Amino acid sequence: MLPDFLSSYFGLGIDRANELKASYDLLLVAGSIVIACLAGYTFLGFTERVRVLRSRGSTQFIWDAVGSTVMGLGVWAMHFVAMLAYELPISVTYDPLLTVVSVFPAIIGSALALISVSAPKMSNLRLLWGGICMGGGIGVMHYTGMAGMVHDHVHMGYDPLLWALSVLVAVVLALIALSSTVWTVRGPDTATPMTRRLAGSVPLGLAVSGMHYTAMSSTFMVPAGETSHHMHGGIGSDYLAGIVIVIAIVVIALSIGGLLIERRLRFEIDRGLHADRRLRFQEERMSLILDHVADAH
């Protein structure tokens, strides 16, 4: 026998005959997936930097913090873009506090995953832990954001099996994504860094969006006889759209900025390599000249 709050949370015993039917704006759905993939791409760039700088203390911490924040914001933006795509026959607003708080599980989960995959020695246990942290962070973020939905005369519940499946999908896809991430930052030199990163960003994007849409399939809403939430003080969809657009622009800007920084760093590395080669060539040439002079005497 489940406690009352769990029975209410999962909507056990509720007649779903009058369940509200929802639809999706496919353009916004596509946009949400693109945002998730962009966040994953940026995350991979920071993962590589953290791995390179892992012995530099505060520098590593800064890259870790920024990388996990970008990934967390990307997860958050993906979720709420997808929620804007979720069209219901009722008015919905969002609780400001829960909407803001919901971003932190995604940031924390991303930070723990970033630390796991950037470690000098990788093990299956560490990889599993990273997948659980990231998948769990995505899941907690999603259901915290859902708890912030404010609606009137509606009871929202979750199908228990699909709810459990959504959490499993988040962890499994995050594990696959992190495995791809390990290949991305430690992969063969035959693939360019951009190619490896693009290949890794797709599983990360799918981990985020796959969990969300699986979780949404577990969600149901039915008319309630009494008001279950109050509509006062919530963030309307128009305001939420503005906030999400700003966050999405930040994620995109950081993605582009990360790419430019990466190109600049590689340019400096290549220039240093060319300078070393020129120096070695000059030294070898001077050595040959000196040998010829010595032989002439």
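**Reading burial, contacts and surface**

Mentor: Gladly! Let's begin with Y41, which counts as buried because its relative accessibility is 9%; buried means under 20% relative accessible area, exposed over 50%, and partly exposed in between, with a 1.4 Å probe and protein chains only. Before we go on, note that this is a predicted model, in which local features need pLDDT of at least 70 and side-chain atom pairs pLDDT 80 or more, while totals for chains, interfaces and linings use all residues. Residues are numbered from 1 along each chain as its sequence is written, and side-chain values use heavy atoms, leaving out hydrogens and water.

Trainee: Where does Y41 lie?

Mentor: Y41 is part of helix 2. Helices (H or I, at least four residues) and strands (E, at least two) are DSSP runs, numbered from the N terminus. The C-alpha atoms of Y41 and S201 are 4.6 Å apart in space, although the two residues are 160 apart in sequence.

Trainee: And how many helices and strands are there in the protein chain?

Mentor: The protein chain has nine helices and six strands. Of its 297 residues, 42% are buried.

Trainee: What share of the contacts between residues at least 6 apart in sequence joins residues at least 24 apart?

Mentor: That share is 88% in this protein chain. Contact here means heavy atoms within 4.5 Å. Leaving aside neighbours within four places in sequence, V75 is in contact with A106, I138, M141 and V208. I138 is 63 residues away from V75 along the chain, with 7.1 Å between their C-alpha atoms. V75 is classed as buried because its relative accessible area is 3%.

Trainee: How should I think about the inside of the protein?

Mentor: In soluble globular proteins, nonpolar side chains tend to be buried together. A nonpolar core is a set of buried Ala, Val, Leu, Ile, Met, Phe, Trp, Tyr and Cys residues joined through side-chain atoms within 4.5 Å. Here the largest such core has 54 residues, and M71, W76, F80, M83, Y94, M134 and M149 have the most contacts inside it. Several elements each supply at least two residues of this core, among them helix 2 (26-52), helix 3 (58-85), strand 5 (154-158) and helix 9 (237-296). Helix 3 gives the largest share, 10 residues.

Trainee: Which residues is M134 in contact with, leaving aside its neighbours within four places in sequence?

Mentor: The partners of M134 are F43, M71, G109, S110, A113, A174, L178 and L204.

Trainee: What happens when a buried side chain is polar?

Mentor: Look for a polar contact: a pair of N or O atoms within 3.5 Å, where within protein one must be able to donate a hydrogen and the other to accept it, and residues adjacent in sequence count only if both atoms are side-chain atoms. S116, in helix 5, is buried at 3% relative accessible area, and its side chain reaches the backbone oxygen of L112 at 3.0 Å. T144, in helix 6, is buried at 16%, and its side chain reaches the backbone oxygen of V140 at 2.6 Å. Leaving aside neighbours within four places in sequence, T144 is in contact with L98 and S102.

Trainee: Which residues form a nonpolar patch on the surface?

Mentor: They are L97, V100, V101, F104, I108, L112, I115, L125, L128, W129 and I132, with about 1,100 Å² of accessible area together. Helix 4 (96-101), helix 5 (103-117) and helix 6 (124-147) each supply at least two of the patch residues. One of them, I115, is in helix 5 and is partly exposed, at 44% relative accessible area.

How values were computed: Patch = residues over 30% accessible without salt bridge, like charges linked within 9 Å, V, L, I, M, F, W, Y side chains within 5 Å. Areas by Shrake-Rupley, 256 points an atom, 1.4 Å probe, with all protein chains shown as cover. Salt bridge = Lys/Arg side-chain N within 4 Å of Asp/Glu carboxyl O.
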